[in-house]
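Trainee: Hey, I've just opened a new model and could use a quick tour. Can we go through it together?

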2 protein chains.
Amino acid sequence: MSKVRLFLDHPLAEGQPVPLGADQAHYLFGVMRLGLGARLSVFNGRDGEWEAEVAEAGKRAGRLVAREQTRPQAMPPDLWLLFAPIKKARTDFIVEKAAEMGCRRIRPVQTEFTNSERVRADRLRAHAVEAAEQCGGVFVPEVDEIARLGDVLAGWDVARTLWFCDETLAAAEASLPAWSGSPGAVLIGPEGGFSDAERARLRALPFARPIRLGPRILRADTAAVAALALWQMVEGDWR
Amino acid sequence: MSKVRLFLDHPLAEGQPVPLGADQAHYLFGVMRLGLGARLSVFNGRDGEWEAEVAEAGKRAGRLVAREQTRPQAMPPDLWLLFAPIKKARTDFIVEKAAEMGCRRIRPVQTEFTNSERVRADRLRAHAVEAAEQCGGVFVPEVDEIARLGDVLAGWDVARTLWFCDETLAAAEASLPAWSGSPGAVLIGPEGGFSDAERARLRALPFARPIRLGPRILRADTAAVAALALWQMVEGDWR
């Protein structure tokens, strides 16, 4: 994995030229010191991974040519992560982890106890891209703008099971994800938990099932990775 | 959880006076602004959680008195985490996560591809304490000094199953933790993976079993949380 990997929002096919913008040229030729003829791995989230060659290297622009596909496109299972944003560093972390864990879509949600600065979806998207670049993924999750939890639930597709982590749940009431074959979503509440009204609403939803992540209180970022791991093991591509 | 929580390495019982050192006095009276008669939660990893009262508050010293036990001592299942230290921030993170996930013991190991500055076990212990304070735990994992993986394996108690994460494993060869009732340990390799010699040795050990955490490459800190979650769900106290 020492080869440079770069996400490019451009079609990739054999012989396809790919123009580079100023940021990409700076990164490849200034920071990573690639020269003409150098090879790197590129992906666009749709066409798999390609080996590309540097065909032009300038200070503020450049061009690659895609040479051969090194991995086919592979989509992760149909899993989303919904989370209530927390402190900035931990929010970045959750996005990075969701990308590594193979979430297709990341949806920040505003809950009653969410106490957070504005969430910039473009910054979170950049984190998701970086995680995919570093972890050898050929897929980058979508990142939505933040929305109110109530609005998200009101427009929910009932075919998608929503696993919400509820730390007030007694052990006997808890579900663990069980194979259902349906698309899934994991919902992690804010550090203060869900409000009573939110919890009551969630429990009443026919597509929602509570899960309990053990007897210890987990930080939101820990809970996200743990819940996604359980889902991947039971429903996803870790089976 | 807005009440101050403090780990104290001192016996706790009803009416027990607990002298405070300079750092603790500074934290409680200088930073958290507690005054005489204020209540806080304390634990020592052995006697459960206690409500304590401030009986003396000085600039460089002080005294608490334990009033009543608010939670009994609870030990997590017999699970260890072995990991190859990585960059400093991520190493701190792994220790924090291991504490949240209920590991009893954290063992940094030196592998062939471990490329890390010196690991200071006292600093890692401080992180484990902080994680326990923040997450409501009454238990703090032990943190060992770093040791060579070969030496750790040579002295291994064969009754403890060692689950090692092997990203070279084909899906068909992989195990998932299955209920065995035996103590467990999760081993996470360094970013560069295990060497061929290490992997061959691990695979030949009768107490070691390989696990595979899906088709995507995970960072070491993500892999640690994911593997610990699977173990807790199958073998531990998330069942």
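Predicted model: local features only at pLDDT ≥ 70, side-chain atom pairs only at ≥ 80, totals over all residues.

Trainee: Okay, which domains is chain A divided into?

Mentor: There are two: domain 1 covers 5-71, and domain 2 covers 79-234. Eight residues from domain 1 of chain A and eight residues from domain 2 of chain A make up the contact.

Trainee: And what separates the centres of those two domains of chain A?

Mentor: Going by C-alpha atoms, the centres of domain 1 and domain 2 of chain A are 33 Å apart.

Trainee: What area do they bury between them?

Mentor: About 670 Å² for domain 1 and domain 2 of chain A, with 60% of it on carbon and sulfur atoms. On the domain 1 side, A:Arg5, A:Phe7 and A:Phe43 supply 64% of the area buried against domain 2, more than any other three residues.

Trainee: How many salt bridges are there across that domain interface in chain A?

Mentor: Zero by the rule used. Polar contacts do turn up, though: six residue pairs between domain 1 and domain 2 of chain A. Strand E1 of chain A, residues 5-7, gives the largest share of the domain 1 side, with three residues.

Trainee: Switching topic, how many residues of chain A are in contact with chain B?

Mentor: 32 residues of chain A, and they meet 32 residues of chain B. Together the two chains bury about 2900 Å², and carbon and sulfur atoms give 60% of that. A:Arg216, A:Arg219 and A:Trp238 supply 24% of what chain A buries against chain B, more than any other three residues.

Trainee: How many salt bridges does the rule find across the interface of chain A and chain B?

Mentor: 10. One salt bridge to look up joins the side chains of A:Asp237 and B:Arg216, at 2.9 Å from N to O. For polar contacts, the count between chain A and chain B is 16 residue pairs.

Trainee: Which element gives the most to the chain A side there?

Mentor: H6(A), with nine residues on the side that touches chain B.

Technical notes. Residues numbered from 1 in each chain as written. Chains lettered and ligands numbered in written order. Heavy atoms only, no water. Domains from an automatic or database assignment. Contact = heavy atoms within 4.5 Å. Buried area = accessible area lost by both parts, 1.4 Å probe. Salt bridge = Lys/Arg side-chain N within 4 Å of Asp/Glu carboxyl O. Polar contact = N/O pair within 3.5 Å; in protein donor to acceptor, adjacent residues only side chain to side chain. Helix = DSSP H or I, 4+ residues; strand = E, 2+ residues; numbered from the N terminus.
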